[in-house]
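Hi,

Here is the structure I promised to pass on. Please have a look at it, then read my notes below.

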Amino acid sequence: MFKKILIANRGEIALRVLRACQELGIKTVAIHSEADESAMHVRMADESICVGPASAQSSYLNIPAIITAATLTNVDGIHPGYGFLSENQRFAEIIEEHNIKFIGPHSKHIKIMGNKIDAKKIMDDNGVPTVPGLNEVSNKSEIEKFIKNVELPIIVKAASGGGGKGMRVVLNHEDIENAINSAKTEAKKSFNDDKVYLEKFLTTPKHIEIQILADGYGNVITLGERDCSIQRKHQKLIEESPSEILTNEKRKEISDLCKKAVSSLGYEGVGTLEFLYENNKFYFMEMNTRLQVEHPVTEMVTGIDLVKQQILAAAGEKLSISQNNITLKGHSIECRINAEHSETFIPSPGKITQYHQPGGLGVRVDSAVYQGYIVPPHYDSMIGKLITYADNRSECIKRMKRALEEYVIMGINTNIQMHQKIIMTEEFQSGKYDINFMSTFN
Ligand code: MV4
């Protein structure tokens, strides 16, 4: 088992990992930027070390500084959290080269899934249904054939993409060439890789993802799904588990396919397979090789501590849970609390002058902020996650409504009111919303 882990992250996820380590009896090292000297993750860790100036590029993304910190503090593991270096193949490799365990999958699996074309090929080869697509866009007649087959609209995506960058929806024939070229230019600029591919554009899908957990002995389990369809500009806002619209048969069918594919890959650790879901069919899009922001809703309905399991698997332990032990019980919803203006969605950093967080049965707040804390302008605007749990969905929504009403954050703008409005809409209440929900919401 690990003796000491360095947490290469900040904010609520650094605390989440810290807490798992404390329960496992593992010492912790926090890294921080000059702007985060008084951050909660620094205060809660056993040791802390400054890795650079405020900008993420010179601190939380500064690989040499982080490796130096890890060497100086003599850690035997590094947890990357999400974002930052969590899906950086080179980071994982360098860590291993220093005889430190990267708490995540093998770097080769980060690499494969980092290329969305390769990821789709691998999943397709292993029986997972994928979005119909075309991977070679240099041949005009091949493109014509593809469109004839799937019909417009189509979407152009960057092979190294994610987060909506390098994506173009094509509605009309005459726009295809321009869309491919401008997607290529944007992809080159953003990812230094201008490779793009085409997919049939699904117009009203849900975004549903499957959580998996694997050890180094070929054991893989699935922990149900999360419905993440409430998103804006490719930022998720609300996630829930289970999805209201899935039957047990559909859930088991897709879970079994994911399990088989992940197992034949030899993948280790936690992972998420992202799907579009339309007309009762799943279409694989990409796989995330990290712990995700929305993991708590899965923890609430399975009763499993995903971060502890992730650390245990990375330590080389056999999975202590079998698929038979997994049952989805009750319902959980997560609202991402962002420091931003309610109308413009512009980030709203600054001092939190008053802070009261909700509590009570079935209410969980994963956050690293406190009264008097100054939200720095240098990083993501998410300042916390409000998660509720109840026996069923309708009770869970009522609990979320109550918890949002109880939440007091003064001094900065937040999206708490927006969440209150969203969860009271007929569409959200029915559970039948799709990825277009936010484009018509105001
Ligand atoms: C799609 C899609 C529909 N059809 N792919 C991929 C990355 C993720 N952040 C959004 N992605 C989408 N991929 C196919 N084949 C719909 C989305 C999508 C979306 C696309 C354009 C504009 C806004 C969107 C919001 C959510 C999802």
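The charges come first: the chain carries 51 positive and 56 negative ones, and their mean positions are 1 Å apart. Keep in mind that this is a predicted model.

Overall fold. The chain has 15 helices and 21 strands. Its radius of gyration is 21 Å, close to the 22 Å from the globule rule for 442 residues, so the chain is as compact as a globular protein of that length. Along the principal axes, the C-alpha atoms fill a box of roughly 60 × 50 × 45 Å. Of the contacts with a separation of 6 or more, 66% join residues 24 or more positions apart.

Surface and interior. The accessible surface is about 18700 Å², and carbon and sulfur atoms hold 48% of it. Buried residues account for 56% of the 442.

Cores. The largest nonpolar core has 35 residues. Those touching the most other members are Ile230, Ile238, Ile337, Leu386, Ile409, Ile422 and Phe428. Strands β12 (235-241), β15 (331-338), β18 (363-367) and β20 (382-390) are among the elements that give two or more residues to this core, and so are helices α12 (393-406), α13 (416-424) and α15 (437-440). α12 gives the most, with five residues.

Look at Ile230 in particular. Beyond its neighbours within four places in sequence, Ile230 is in contact with Lys236, Leu237, Ile238, Ile422, Phe428, Tyr433, Phe437 and Met438. Apart from this core lies another, of 31 residues, including Ala14, Ala20, Ile311 and Ala368.

Best wishes

Conventions: Residues are numbered from 1 along each chain as its sequence is written. This is a predicted model: local features need pLDDT of at least 70, side-chain atom pairs count only at pLDDT 80 or more; totals for chains, interfaces and linings use all residues. Side-chain values use heavy atoms; hydrogens and water are left out. Helices (H or I, at least four residues) and strands (E, at least two) are DSSP runs, numbered from the N terminus. The radius of gyration is taken over C-alpha atoms; the globule rule is 2.2 Å times the number of residues to the power 0.38. Buried means under 20% relative accessible area, exposed over 50%, partly exposed in between (1.4 Å probe, protein chains only). Contact means heavy atoms within 4.5 Å. Accessible areas come from the Shrake-Rupley method with a 1.4 Å probe; for residues, only the protein chains shown count as cover. Lys and Arg count as positive and Asp and Glu as negative; His and the chain ends are not counted. The place of a charge is taken as NZ of Lys, CZ of Arg, CG of Asp or CD of Glu. A nonpolar core is a set of buried Ala, Val, Leu, Ile, Met, Phe, Trp, Tyr and Cys residues joined through side-chain atoms within 4.5 Å.
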